[in-house]
Amino acid sequence: MHTIPTRNIEDDRTGLELLQEARGLTEILGATLTGNTPVDGRMRDGLAVLLDLLAVRLAQLEASLAEPF
């Protein structure tokens with residue numbers, strides 16, 4: 001399986017691993033928003049954290065794909 005190395009020394013995950021994590025976060029977000037549970041209080045706060053984490057992972061992936069090998 002082809003993996004895309006990241007250039008960030010502090011983060012040794014590959015681009016593929018970042019993409020898999022972002023996909024998992026998106027699935028969690030979708031399940032939360034399409035469920036029958038009302039979104040209020042702590043759950044609403046958690047959605048903001050989840051969206052922020054998703055944005056960070058996608059930005060890391062974008063940066064790793066934009067850098068030359």
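**Close-up views**

**View 1. Arg-57 and the residues it touches.** Setting aside residues up to four places away in sequence, Arg-57 touches Arg-13, Leu-18, Glu-21, Ala-22 and Leu-25. Keep in mind, as you look around, that this is a predicted model. Arg-57 itself is found in helix 2. Is Arg-57 buried or exposed? Its relative accessibility is 15%, and buried means under 20%, so Arg-57 counts as buried.

**View 2. Helix 1 and helix 2, side by side.** Helix 1 covers residues 15–34, and helix 2 covers residues 42–66. Their axes come within 9 Å and cross at roughly 155°. Angles over 145 degrees count as roughly antiparallel, which means that helix 1 is roughly antiparallel to helix 2. If you like to keep track of handedness, the crossing of these two helices is left-handed.

**View 3. The residues where the helices meet.** From helix 1, the contact is made by Gly-15, Leu-18, Leu-19, Glu-21, Ala-22, Leu-25, Thr-26, Ile-28, Leu-29, Thr-32 and Leu-33. Helix 2 brings Met-43, Leu-47, Leu-50, Leu-51, Leu-53, Leu-54, Arg-57, Leu-58, Gln-60, Leu-61 and Ser-64. What kinds of residues are these, by class? The contact has 15 nonpolar, five polar and two charged residues.

**View 4. Leu-29 and its contacts.** Now zoom in on Leu-29, which lies in helix 1. Which residues does Leu-29 contact, leaving aside neighbours within four places in sequence? They are Leu-47, Leu-50 and Leu-51. Leu-29 has a relative accessibility of 13%, so it counts as buried.

**View 5. Glu-17 and Leu-61, a pair to find in both sequence and space.** Start with Glu-17, which is found in helix 1. At 38% relative accessibility, Glu-17 counts as partly exposed. Now look for Leu-61, 44 residues apart from Glu-17 in sequence.

**View 6. Stepping back to the chain.** How many helices and strands does the chain have? There are two helices and zero strands. Of the 69 residues in the chain, 22% are buried. Take the contacts between residues at least 6 apart in sequence: 54% of them join residues at least 24 apart.

Technical notes: Residues are numbered from 1 along each chain as its sequence is written. This is a predicted model: local features need pLDDT of at least 70, side-chain atom pairs count only at pLDDT 80 or more; totals for chains, interfaces and linings use all residues. Side-chain values use heavy atoms; hydrogens and water are left out. Helices (H or I, at least four residues) and strands (E, at least two) are DSSP runs, numbered from the N terminus. Buried means under 20% relative accessible area, exposed over 50%, partly exposed in between (1.4 Å probe, protein chains only). Contact means heavy atoms within 4.5 Å. Axes are lines fitted to C-alpha atoms, for helices over the stretch in contact, and angles run from 0 to 180 degrees between N-to-C directions. Angles under 35 degrees count as roughly parallel, over 145 as roughly antiparallel, 65 to 115 as roughly perpendicular and the rest as oblique. A crossing is left-handed if the near helix is turned anticlockwise from the far one by less than a right angle, and right-handed if clockwise. Ala, Val, Leu, Ile, Met, Phe, Trp, Tyr, Cys and Pro count as nonpolar, Asp, Glu, Lys and Arg as charged, and the others, Gly among them, as polar.
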